[in-house]
Amino acid sequence: MTINEYWQKIEEHNQQLISLFSSFWNEYSGFGTWQFWIIASLMIIPLFLLYFTVDRERLFEVFFFGYTVHVLWTYIDIMISRKGLFVHKFFLTPLLPHALNMTASALPVGFLLIYQYCTNHNKSFILYSVVLSAIFAFGFATLEGQIGFIEFNNGMNQLFLFFIDFGIAITAYVFTKILKHFKAGEKVK
C-alpha cells in the first residue's frame, strides 16, 4: 500500500469511528442520561471548588502545577485508551478526549490543592501524593469500574493507575520547582 492509500484508509476508518462514538454518545452518554450528569458534575464541581480555595497570591505557580498534571494525564490517557488498556465508557462529548472530566478537572484540581496545602503548611508532598493517588486509583477508579464508567483491559488495573497518578504528581512537582527556580533567578538580575 502506498502512503496515500494508507492515509485514505485511515481517514475512512476514522470517519466510521467518529460516527460510532457519536451514535453511542447520543444513545448512552448524552444529555438525557444520568451518566452524562455524573460526568458533567465531575468536571464542574472540582473547578467550582478550586475557584473558592486557590491561593490567589500564588496563582501562576499553583495553576502551572495543575496544568502540568492535566497535560501529562491527558497524553497518558490518550495513549492507554488507544491501546485499549483503560476505557472510559461514558464521556462529555465524543469529540474531546473521553476522560476529560478526570484529566482536566478532578485529577488536576485534587493534586493542585494537595500541592498548595503542602507547600503552604510545610507538609510532605510525597506522602500526601501517595495518599491521594491511592484514593483516586483504589477508591475512585474501583467505584467507577463497579458502576460501569470505566473498564480495565489487557492487564491494566488500579495499581498501574496509582503509579501513573503518583508519577505525574511528582513530575509536575519537579517541573514546578524548576519553574520557580528560573523565576527566582529573574528577580536576582
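Helices (H or I, at least four residues) and strands (E, at least two) are DSSP runs, numbered from the N terminus. This is a predicted model, in which local features need pLDDT of at least 70 and side-chain atom pairs count only at pLDDT 80 or more, while totals for chains, interfaces and linings use all residues. Residues are numbered from 1 along each chain as its sequence is written, and side-chain values use heavy atoms, with hydrogens and water left out.

**Largest cavity**
- A cavity is a set of points, on a 1 Å grid over the protein atoms alone, where a 1.4 Å probe fits but cannot get out, and lining residues have an atom within 4 Å of a point.
- The largest cavity holds about 130 Å³ of space, and of its 16 lining residues the closest to its centre are Trp73, Phe86, Met102, Leu107 and Leu161.
- α5 gives the most to this lining, with five residues, and α3 (59–82), β1 (86–88), α4 (100–121), α5 (125–146) and α6 (158–188) each supply at least two.

**Largest pocket**
- A pocket is an open set of grid points with protein on both sides within 12 Å along at least five of seven lines.
- The largest pocket has a volume of about 620 Å³, and of its 18 lining residues the closest to its centre are Leu17, Phe21, Ser81, Arg82 and His98.
- Two or more lining residues come from each of α1, α3 and β1, with α1 giving the largest share, five residues.

**Ile10**
- Ile10 lies in helix α1 (residues 3–29).
- Ile10 counts as partly exposed because its relative accessibility is 42%, where buried means under 20% relative accessible area, exposed over 50% and partly exposed in between (1.4 Å probe, protein chains only).

Conventions:
Grid points are joined across faces, edges and corners, and a volume is the space filled by probe spheres set on the points.
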